[in-house]
Amino acid sequence: MRKLIGLVIVLVLISTLFSPLAVTASTEEEELFAIGIKFEQAFETGDLKTFEELFWHDERLTVFFPDPDTAFRIDGWRQLQGGLKGLTYYVSQLPPGTVNFEIRQPSINVMEDVAILTSYWIMTMPTPEGGMAVMQGRSTMVCKKIEGKWVIIHLHASIFPTP
């Protein structure tokens, strides 16, 4: 009986010691998952303010977008901000509900103050010619906790190859 009580006490102590870590990991994963949701919503509505809140405002920020006109890396917050202004202006001029951006199969890997979010995505939106563009691809977001807030420090998105 003493062994059973001792085992229960040890298990309670161990669970008490590790429960804050479990809560923190869960909370951090929720915060990071929220970045993906906010990214979707900002894209669908052309919300520049939300995009600005998601990204690191530093010249070390790097981004690769699946833009056939710009195959080069975007270096720094100022360069990204200029591109985001154009994108959000275009989307904000479209009828509400015509842009759909959906993140699928998100995966989050937290390593202390850095996290990697990977996912697949599908996007539909009107084209300037009046048709609908449908694109599918994959993305990786590298986030870092800076001053208590998770921000995107690197984003790489690519379109699936066409057969």
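**Reading the sheet, core and confidence**

Tutor: Met125 has Ala133 of β5 as its bridge partner. This is a predicted model.

Student: In what sense do β4 and β5 pair, and over how many bridges?

Tutor: The sense is antiparallel, and the pairing runs over 13 bridges.

Student: In what order do the six strands form the sheet?

Tutor: Read across it: β2-β1-β6-β5-β4-β3. The sheet is open and its pairing is mixed. β2 (74-75) and β3 stand at the edges with a single partner strand each, so one side of each has no neighbour in the sheet.

Student: Now the core. Which residues touch the most other members?

Tutor: The general idea comes first. In soluble globular proteins, nonpolar side chains tend to be buried together. Here the largest nonpolar core has 34 residues. Ile35, Phe39, Phe55, Leu80, Met141, Cys143 and Ile152 touch the most other members. Elements supplying at least two residues each include α1 (2-45), α3 (77-92) and β5 (132-146). β6 gives the largest share, six residues.

Student: What is Ile35 in contact with, leaving aside neighbours within four places in sequence?

Tutor: Leu54, Met141, Cys143, Trp150 and Ile152.

Student: Where is confidence lowest, and where is it highest?

Tutor: Lowest in α1, with a mean of 59; highest in β6, at 95. The chain averages a pLDDT of 82, and 81% of the residues score at least 70.

Student: Over which residues does pLDDT stay under 50?

Tutor: Residues 1-24. Where pLDDT is low, the predicted coordinates should not be read in detail.

Terms used
Residues are numbered from 1 along each chain as its sequence is written. This is a predicted model: local features need pLDDT of at least 70, side-chain atom pairs count only at pLDDT 80 or more; totals for chains, interfaces and linings use all residues. Side-chain values use heavy atoms; hydrogens and water are left out. A nonpolar core is a set of buried Ala, Val, Leu, Ile, Met, Phe, Trp, Tyr and Cys residues joined through side-chain atoms within 4.5 Å. Buried means under 20% relative accessible area, exposed over 50%, partly exposed in between (1.4 Å probe, protein chains only). Helices (H or I, at least four residues) and strands (E, at least two) are DSSP runs, numbered from the N terminus. Contact means heavy atoms within 4.5 Å. pLDDT is the predictor's confidence in each residue, from 0 to 100. Two strands pair if DSSP finds at least two bridges between them.
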